Amino acid sequence: RSPVDPAVQEEARPDYDRNPAPEYPARAKQLGFEGTVLLNVKVNPAGGVDDVKIAASSGYSLLDQSALRSVKAWLFKPGRRGDQPVAAWVQVPVRYTLAPPDSRRP
């Protein structure tokens, strides 16, 4: 569970429309590595990233490091206390899967 400030009324969240997908390392693809990296991200009041820590590893350093590099550069919608933006922690899962997009649909 991510550290949460009880005074934050609205949690920070990634601005997925503006953030590029994390790079899938070529070597990880060659080796068939898949997994999910769970990151704890400290978002500042301007929506930038102040800190990123791995909460749960994918089991592969190549994937973990790619997720860290990517999310450090992301933009977020900051947490809010009332109408004021505030610094807040949020958990962000980054999934790496080799399945073609059409095969992931039920």
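A residue counts as buried when its relative accessible area is under 20%, and that is how the word is used in the legends below.

**View 1. The whole chain, before zooming in.** This is a predicted model. Of the 106 residues in the chain, 36% are buried. The secondary structure amounts to two helices and seven strands, and read from the N terminus the order of elements is β-α-β-β-α-β-β-β-β. Take the contacts with a separation of 6 or more: 75% of them involve residues 24 or more positions apart. The accessible surface is about 6,600 Å², with 49% of that belonging to carbon and sulfur atoms.

**View 2. Tyr-24 meets Tyr-96.** The model has four aromatic pairs, and here is one of them: Tyr-24 and Tyr-96 sit edge-to-face, with 5.1 Å from centre to centre and 85° between the planes. Tyr-24 belongs to the loop between β1 (13–14) and α1 (26–31), while Tyr-96 is in strand β7 (residues 88–96), so this pair ties together parts that are 72 residues apart in sequence. Are the two tyrosines buried or exposed? Tyr-24 has a relative accessibility of 16%, so it counts as buried. Tyr-96 is buried as well, at 4%.

**View 3. Phe-33 and Tyr-60, loop to loop.** These rings are stacked, because their centres are 3.9 Å apart and their planes are at 15°. Here too distant parts of the chain are linked: Phe-33 comes from the loop between α1 and β2 (35–43), and Tyr-60 from the loop between β3 (49–56) and α2 (61–72), 27 residues apart. Phe-33 has a relative accessible area of 18% and is buried. Tyr-60, with 29%, is partly exposed.

View 4. Which residues of α2 are buried? They are Leu-63, Asp-64, Ser-66, Ala-67, Leu-68, Ser-70 and Val-71. An α-helix has 3.6 residues a turn, so residues three or four places apart point the same way. Look around the helix for the cover over those buried residues: it includes α1, β2, β3, β4 (76–77) and β7.

**View 5. The hairpin of β2 and β3.** The two strands run antiparallel and are joined by six bridges. Val-43 has Val-49 of β3 as its bridge partner. Between the strands are five residues, and in this hairpin Gly-47 takes a positive phi near 95°.

**View 6. Phe-76 and the nonpolar core.** In soluble globular proteins, nonpolar side chains tend to be buried together. The largest nonpolar core here has 20 residues, of which Leu-39, Val-41 and Phe-76 touch the most other members. Elements giving two or more residues to this core are β2, α2 and β7. Which of them gives the most? That is β7, with five residues.

Now zoom in on Phe-76. Leaving out residues up to four places away in sequence, Phe-76 touches Arg-13, Pro-14, Asp-15, Val-41, Val-43, Gly-47, Val-49, Val-71, Val-90 and Val-92. Among these are Val-43 and Val-49, the bridge partners from View 5, along with Gly-47, the hairpin residue with the positive phi. Phe-76 also forms one aromatic cluster with Tyr-16 and Trp-74.

Note on methods: Residues are numbered from 1 along each chain as its sequence is written. This is a predicted model: local features need pLDDT of at least 70, side-chain atom pairs count only at pLDDT 80 or more; totals for chains, interfaces and linings use all residues. Side-chain values use heavy atoms; hydrogens and water are left out. Rings of Phe, Tyr and Trp (its six-membered ring) pair if their centres lie within 6.5 Å; planes under 30 degrees apart count as stacked, over 60 as edge-to-face and the rest as tilted. Helices (H or I, at least four residues) and strands (E, at least two) are DSSP runs, numbered from the N terminus. Buried means under 20% relative accessible area, exposed over 50%, partly exposed in between (1.4 Å probe, protein chains only). Contact means heavy atoms within 4.5 Å. Accessible areas come from the Shrake-Rupley method with a 1.4 Å probe; for residues, only the protein chains shown count as cover. Two strands pair if DSSP finds at least two bridges between them. A nonpolar core is a set of buried Ala, Val, Leu, Ile, Met, Phe, Trp, Tyr and Cys residues joined through side-chain atoms within 4.5 Å.
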